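The sequence and structure are shown first.

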Amino acid sequence: MKKVWMMGCLIMVARLLSAQANVQPLTIWDNRPATDWMTQAYPIGNGSLGAMVFGGVGRERLQFNESSLWTGDEQETGAYQAFGDVWISFDDSATAFTHYKRELDLNTALTKVSYEKSGTRFTRTYWASHPQQVIAVNFTAGKKGAYSGEIRLTDMHQAAVSASGKGLQVAGVLNNGLKYAAGLQIKHIGGTVQILQKDGVPVIRINKADGFTLVLAAATNYNNQRSLGWRGADPLPVVQKRLEQAASETVSRLQQAHIKDYQSCFNRASLQLGTATKAGNGLPTRERLSQYKAGVDAGLETLLFQYGRYLLISSSRLGGLPANLQGIWNDSNNPPWRSDYHSNINIQMNYWLALPANLPEMHQPYLDYINSMRAVKKDNTQKQYPGVRGWTVKTENNIFGGESFLWNTPGSAWYAQALWEHYAFLQDTNYLRQFAYPVLKEITEFWDDHLKRRPDGTVVAPNGWSPEHGPHEDGVSHDQQIVYDLFTNYTEAAAVLKIDTAYARHISELRSRLLAPKIGKWGQLQEWETDRDDPKDQHRHVSHLFGLHPGRQFTVTHTPGLVAAAKKSLIARGDASTGWSMAWKMNFWARLQDGDHAYKILNNFIRLAGSGNVNYDNGGGVYENLLCAHPPFQIDGNLGYTAGIVEMLLQSHAGELQVLPALPAAWRDGTVKGLRARGGFEIVELSWKQGHITKLVLRSESGKPLNLLSPDQLKGDLPLRREANGYRATAATRAGQVFRWGNR
Ligand code: FUC
């Protein structure tokens with residue numbers, strides 16, 4: 001009996017150890033406080049409420065945002081606004097400190113600051129809770145009565161702050177009538193807390209507290225329904241209720257609920273490359289970054305992979321708005337490009353990782369956004385293109401349907417790809433029928449009406465523009481390829497649902513008449529119908545390769561000639577560029593199945609960028625806080641980088657599930673878990689050693705047929721046949737069925 005019990009314990013311990021072995025340290029850290037918002041402070045967020053943590057010792061600043069605080073309306077684009085700041089000044093701010101550490105832990109979504117002062121250890125923990133809809137900061141110290149100081153709340157639109165119970169609050173109205181409110185509450189242990197008036201402004205005064213917790217809530221009365229005038233509930237009572245509910249919880253329960261919620265998403269996917277090296281966690285991220293060299297610190301490469309997932313979880317949650325150009329983080333009322341929803345690559349890139357990196361709920365806000373914009377976009381499109389059905393968009397977009405800069409006619413068709421992909425990955429037919437199909441159809445109708453039929457029978461997108469260069473003219477490759485993608489997605493959707501058969505046939509016929517991609521005089525894939533591509537043109541947009549990625553018109557297997565031309569064009573475009581452009585190039589090289597070149601771009605991406613000024617020429621990289629530098633900070637690069645790594649390890653756009661399609665030589669050993677593939681498959685585990693697969697476990701989520709392509713011969717649940725491109729297994733599957741292979 002005793003023996004059995006002992007064995008049980010041993011098995012438990014072994015399991016715990018092996019579970020822990022899977023948890024790698026995923027920490028971004030520094031040994032000094034941040035002084036710069038964009039390049040040094042650490043972002044936390046719960047999808048709509050976000051903050052940048054500076055970690056100042058004598059004076060702390062928590063700069064916060066709420067995703068719907070926008071100026072503008074259906075006519076004016078306006079801009080995403082900064083919300084406000086929480087300032088904490090301690091009385092002993094002049095005392096020197098030692099042993100300082102500021103860290104953002106991606107495993108828990110906690111930011112921590114710790115230091116010592118006069119022999120006492122001080123610690124703080126910051127998190128943005130999705131279940132409680134608040135930001136919390138917990139302050140503790142190694143001795144009693146350690147905290148004395150003042151806390152202020154400031155509003156970026158100068159509304160008056162007032163005292164409220166045990167805290168402060170502010171409520172105001174923007175010029176467009178949008179109401180907003182924020183509240184800050186304090187709970188303390190030991191000492192006293194009072195609200196005092198100082199220079200006519202209420203402040204929280206702390207005297208000799210042993211520790212304290214701040215809870216911040218913020219909201220607006222934005223509602224994503226046009227029929228309700230884009231307005232909903234008064235935000236102040238919403239904020240007060242959230243604060244009350246948070247106050248009724250203990251700090252540790254608040255924190256546990258946050259970690260549990262966050263990990264339920266984050267823990268679904270993991271990536272381990274080689275073994276962690278000394279170059280890794282021992283150094284502050286800033287130094288690690290400046291010492292980074294290809295092939296040495298794979299831990300930094302995987303840290304950035306998971307950072308993309310962290311940032312999407314933190315800026316895109318069910319029921320909320322999608323991640324904008326800066327996610328949700330913004331310290332200016334006049335941010336670069338309005339911190340908007342840019343429709344000619346940026347919002348799309350933000351979402352490339354969501355489905356394959358197993359964050360499907362984070363994908364939904366983008367789809368809800370598209371849906372909420374339809375009515376206004378239809379009106380605007382009618383004014384520009386009278387008589388067409390459906391709708392499209394301009395380049396710069398806000399949250400009320402307002403838009404500016406040039407018409408970006410293929411913009412809505414590119415949005416439509418996300419609607420289809422959500423089905424392709426998750427195979428939810430109800431979603432396709434009820435939500436996606438009507439939108440796919442109306443965008444298809446727009447192009448059915450808008451396309452120009454030439455006398456020779458070919459069909460072209462009229463008056464297009466290859467973003468953001470070249471002339472305005474008919475048949476621009478970017479437009480042709482996006483329309484091809486839309487028509488492919490639409491006809492597949494109609495076939496799945498077995499509806500609109502005649503119309504789908506018409507669209508399929510129209511697709512076959514689209515002016516086809518052309519190969520030009522230096523073997524390149526032409527960007528325009530006229531063969532004028534300049535081999536020295538290194539423009540950051542690589543729009544004419546849409547069909548390679550994120551489209552599926554050109555694939556290594558099915559269109560090798562076009563893929564070779566795309567490769568010529570890509571080589572000419574060069575490797576270094578702005579942040580998002582490099583992320584896109586990683587994805588392109590992965591789709592060209594050249595892992596070493598994808599890895600070369602990845603290395604260029606992991607470059608410590610200095611400047612925060614707008615730079616279009618080879619200024620891209622990452623900052624000390626690992627946020628991507630366009631420059632300036634733009635989140636698409638972070639999120640596109642993660643998508644690029646997925647594309648190197650798993651592809652499923654060409655009707656087959658291809659494992660390790662673009663593995664670079666530098667990643668000799670590795671394990672990835674939890675990625676998703678189109679057709680409703682999950683990679684339970686994919687491990688490789690010395691570049692060869694040692695273990696593959698797949699789960700069929702939806703019972704759809706499996707078509708697996710592996711670079712290696714494997715032994716396991718299904719036999720693999722040798723082919724020109726590798727080893728293939730095909731089979732019918734049942735939902736929930738698991739398939740296992742090894743290399744013996
Ligand atoms: C596109 C790009 C720019 C920038 C802007 C937000 O227009 O051309 O580089 O990323 O979006």
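## Burial of His-630

A residue counts as buried when its relative accessible area is under 20%. In this predicted model, His-630 has a relative accessible area of 2%, and is therefore buried. The residue sits in the loop that runs between β24 (628–629) and α15 (635–649).

## Surroundings of His-630

Leaving aside residues up to four places away in sequence, His-630 is in contact with Trp-337, Arg-540, Thr-578, Gly-579, Trp-580, Asn-615, Tyr-616, Gly-619 and Gly-620. With one of these, Asn-615, there is a polar contact: the side chain of His-630 comes to 3.5 Å from the backbone oxygen of Asn-615.

## The ligand site

The shell around the ligand comprises Leu-325, Trp-337, His-342, Asn-344, Asn-346, Glu-468, Arg-540, His-541, Trp-580, Tyr-616, His-630 and Gln-634. Classified by residue type, this shell contains four nonpolar, six polar and two charged residues.

An N or O atom in the side chain of His-630 is 2.7 Å from a ligand oxygen. For Trp-580, a polar side-chain atom lies 2.9 Å from an oxygen atom of the ligand, and for His-342 the distance from a side-chain N or O atom to a ligand oxygen is 3.3 Å. On its own, the ligand has 290 Å² of accessible area, of which the protein covers 99%.

How values were computed:
Residues are numbered from 1 along each chain as its sequence is written. This is a predicted model: local features need pLDDT of at least 70, side-chain atom pairs count only at pLDDT 80 or more; totals for chains, interfaces and linings use all residues. Side-chain values use heavy atoms; hydrogens and water are left out. A residue is near a molecule or strand if one of its heavy atoms lies within 4 Å of it. A polar contact is a pair of N or O atoms within 3.5 Å; within protein, one must be able to donate a hydrogen and the other to accept it, and residues adjacent in sequence count only if both atoms are side-chain atoms. Accessible areas come from the Shrake-Rupley method with a 1.4 Å probe; for residues, only the protein chains shown count as cover. Ala, Val, Leu, Ile, Met, Phe, Trp, Tyr, Cys and Pro count as nonpolar, Asp, Glu, Lys and Arg as charged, and the others, Gly among them, as polar. Helices (H or I, at least four residues) and strands (E, at least two) are DSSP runs, numbered from the N terminus. Buried means under 20% relative accessible area, exposed over 50%, partly exposed in between (1.4 Å probe, protein chains only). Contact means heavy atoms within 4.5 Å.
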